[in-house]
Amino acid sequence: MLISNHIEKVRNGLREGRFTSEAAVSQGILLPALHELGWPVFDTAIVIPEFSVEGRRVDYALCHPENRPSVFIEVKKVGLSEGADRQLFEYAFHLGVPMAILTDGQEWSFYLPGEQGRYDERRVYKLDLLEREISEAESRLDRYLSYRNVCSGAALKAARSDYQNVARVRIIETNLPKAWEALLKDQDSLLLDLLSEKVEDICGYKPDLDICSQFLEMQIQNSKHHDKYEPEINNPIKQTKPFTPETGTIRARTVDNFNFVFKGKNFPARSARDVMTKLFQLLSQEDSGFLDRFASRKHGKKRRYIAREKSDLYPGRPDLVEQHSVEVVAGWWLGTNYSRRNIQDIIELALEVAGPQLRNRVKANVL
C-alpha cells in the first residue's frame, strides 16, 4: 500500500469515527504510516514502543542508529492532543532528541524542541489529514518522517529550514503593525507620494503633500481615540490654519504667513519650501563646508535631500526630478517634494549640521 492510499483510508476512518482510543490511533494510523514511510516497525531496536525516560515513557522512539532516538512520537486519542506537547518536550529535552511529533491521528504537529520560544512557537508544521490535500499530507510526512530522510539527516535539515521560515514570518507579522505605525508617524515621503498619486488616480485631482500629511496625522489620532476622520478643508487654495488635533479637523494656513529669522534678520517666504530653500542658501553662504557636511548625513529611506546631481534626489522618478528640484547654489540641488512636517525635519537636520552657534541665531518653524 502506498502512503497516499493509507492517508485516504485514514481520512475515511476518521470521518466514520473508527479510531476511538490511543491504541486504535497507534495501530490503525501511526504504525501503518511508519511502515509505508519505510520504517521497520517490527524491529524494536529501531521503532521502540514505550521508550523509557526517567521512569516515564514516550509512546514511540524512532532510532538511528539502533537504540539511539532521533524522533519521539507521542500518541493521543483523536481530539485530545491539546496540551500534551509539554510532556513530550520534557522527554525530548532530557535526551537531546532533535525532533518530536505529537499526533491524535488526525492532527500531526512536528516540533524542534531545541529551538527558542514557547512550545507552539517551536512547531515547524501542523498537518490535519482532513483539511490538507492528500498530496500535501504525503509530502509532509515524507519530508519529516520517512525512514530514508531521518537516517540521512535530510528530515532534520528540512525541519530546521522550515522552522526558520515560520519564525521569520512570525517576526514579520509581529512587527508589521509597528512598521505601519512608524510610517504614519514619521510620514515617510514615499508614502506621501503614493497616497497623493492614488488620490489622483481615483478622482483626477492630486492633493498637496501637506493635505496628505494632515490626513495621516488624523489617522494616528483616530487610532488613539477611535474618532471618525472628518476633514474640514475650508479653502484648498488660500489656507488659514494648521491641523489641530484638539479639534480633530484639517485646516490650512495662509500662504503668505511664512517667515524665518536668520542672525536677527527676518526673511519673508511664500511657502515652507521657500523657507527651506532660502535657509539652505544662507547657511551655505555663511559656511562654505555646510552643504558637504549636510550631504554626508543620513537622509531619507531612498532619497537624498540634497545632491550634486538632481537625479539623485528622486531615484527612479524623473517626473519628480524635473518638477520638484531647485538649485540652491551652483552645483547643489535640493529636493522640495516634501510636506511641511518633512521640511521641518530637514530644517532641524540642517541646523544641527550648522552647529550650535549658528543654530541659536536661527528661528524657522513651518508647522
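Modeller: Happy to! N67 lies in the loop between β2 and β3, where strands are DSSP runs of E with at least two residues and helices are runs of H or I with at least four residues, both numbered from the N terminus. This is a predicted model, in which local features need pLDDT of at least 70, side-chain atom pairs count only at pLDDT 80 or more, and totals for chains, interfaces and linings use all residues. Residues are numbered from 1 along each chain as its sequence is written, and side-chain values use heavy atoms, with hydrogens and water left out.

Although N67 is not a glycine, its phi is positive, about 65°. Most residues other than glycine have a negative phi, and most peptide bonds are trans. N67 counts as partly exposed because its relative accessibility is 49% (buried is under 20% relative accessible area, exposed over 50%, partly exposed in between, with a 1.4 Å probe and protein chains only). P65 is also found in the loop between β2 (56-63) and β3 (69-75), and the peptide bond from H64 to P65 is cis, with omega near -5°.

K263, in the loop between β7 (258-262) and β8 (265-269), has a positive phi near 55°. With 33% relative accessibility, K263 is partly exposed.

Now the serine: S146 is found in the loop between α4 (134-145) and α5 (147-152). S146 is buried, at a relative accessible area of 1%. Its side chain reaches the backbone oxygen of D142 at 3.0 Å and the backbone nitrogen of N149 at 3.2 Å. Leaving aside neighbours within four places in sequence, S146 is in contact with L37, W39 and L141 (heavy atoms within 4.5 Å).

Methods:
Polar contact = N/O pair within 3.5 Å; in protein donor to acceptor, adjacent residues only side chain to side chain.
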